[in-house]
Amino acid sequence: MTLLQINTIACDGSDVFWPWFLWLLGAFILGLLLGWLLKQLFGGGAAAAVAAGPAPVKQDLTKVEGIGPKIEGLLNKKGIISYAQLSDCAVSFLEQMIEEAGPNFATHRGMTGTWPAQAKLADLGEWDELAKWQEALKGGV
């Protein structure tokens, strides 16, 4: 079995491995910095702008059964200001938010299960169907 052997000694007897290695490492780091700078300046390109979409408009989340002004404040602090954003939330995220809020919100534990579905109806403008559903709900459950 023949091993590949690379000679890094130049004709004059000097070792050329480390100078080349340092040049390549410097070019790699410069490329990383340039890429980061371009991303900061241009925001990740057109794909990021399309994915982000328009900024959400603040909506009255208290129209969801079980959410009052204080819970709406908690949601707003987490960046959830629209029905669309609330409908995309996982129930586990909402439960954790209520738990982190402290003992004053302990009565709301277990009530978050219908919030995303209610918010989806509100986001779609299905107000009559939402009202029918909320008549059957007791405190958001």
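**Reading the helices of a predicted model**

Me: What does the span of helix H1 look like against the one expected at 1.5 Å a residue?
Reply: In this predicted model, helix H1 covers residues 17–42, a run of 26 residues. From its first C-alpha to its last, H1 reaches 37 Å, close to the expected 38 Å.

Me: How many of the residues of H1 are buried?
Reply: The count is 0 among its 26 residues, and H1 is hardly covered. In the protein chain, 23% of the 141 residues count as buried.

Me: What comes just after H1?
Reply: Gly43 follows, with a positive phi of about 65°.

Me: How many helices and strands are there in the protein chain?
Reply: There are 7 helices and 0 strands. Along the sequence, the pattern reads α-α-α-α-α-α-α.

Me: How are two packed helices described?
Reply: The description uses the angle between their axes and the distance between the axes. Here, helix H6 (residues 115–124) packs with helix H7 (residues 127–136) at an angle of about 150°, and their axes are 8 Å apart. Angles over 145 degrees count as roughly antiparallel, so H6 is roughly antiparallel to H7.

Me: Is the crossing of H6 and H7 left-handed or right-handed?
Reply: The crossing of these two helices is left-handed.

Me: Which residues make the contact?
Reply: H6 contributes Ala117, Gln118, Leu121 and Ala122, while H7 contributes Trp127, Glu129, Leu130, Trp133 and Gln134. Sorted by class, the contact of H6 with H7 has 6 nonpolar, 2 polar and 1 charged residues.

Note on methods:
Residues are numbered from 1 along each chain as its sequence is written. This is a predicted model: local features need pLDDT of at least 70, side-chain atom pairs count only at pLDDT 80 or more; totals for chains, interfaces and linings use all residues. Side-chain values use heavy atoms; hydrogens and water are left out. Axes are lines fitted to C-alpha atoms, for helices over the stretch in contact, and angles run from 0 to 180 degrees between N-to-C directions. Helices (H or I, at least four residues) and strands (E, at least two) are DSSP runs, numbered from the N terminus. Angles under 35 degrees count as roughly parallel, over 145 as roughly antiparallel, 65 to 115 as roughly perpendicular and the rest as oblique. A crossing is left-handed if the near helix is turned anticlockwise from the far one by less than a right angle, and right-handed if clockwise. Contact means heavy atoms within 4.5 Å. Ala, Val, Leu, Ile, Met, Phe, Trp, Tyr, Cys and Pro count as nonpolar, Asp, Glu, Lys and Arg as charged, and the others, Gly among them, as polar. The expected span of a helix is 1.5 Å times one less than its number of residues. Buried means under 20% relative accessible area, exposed over 50%, partly exposed in between (1.4 Å probe, protein chains only).
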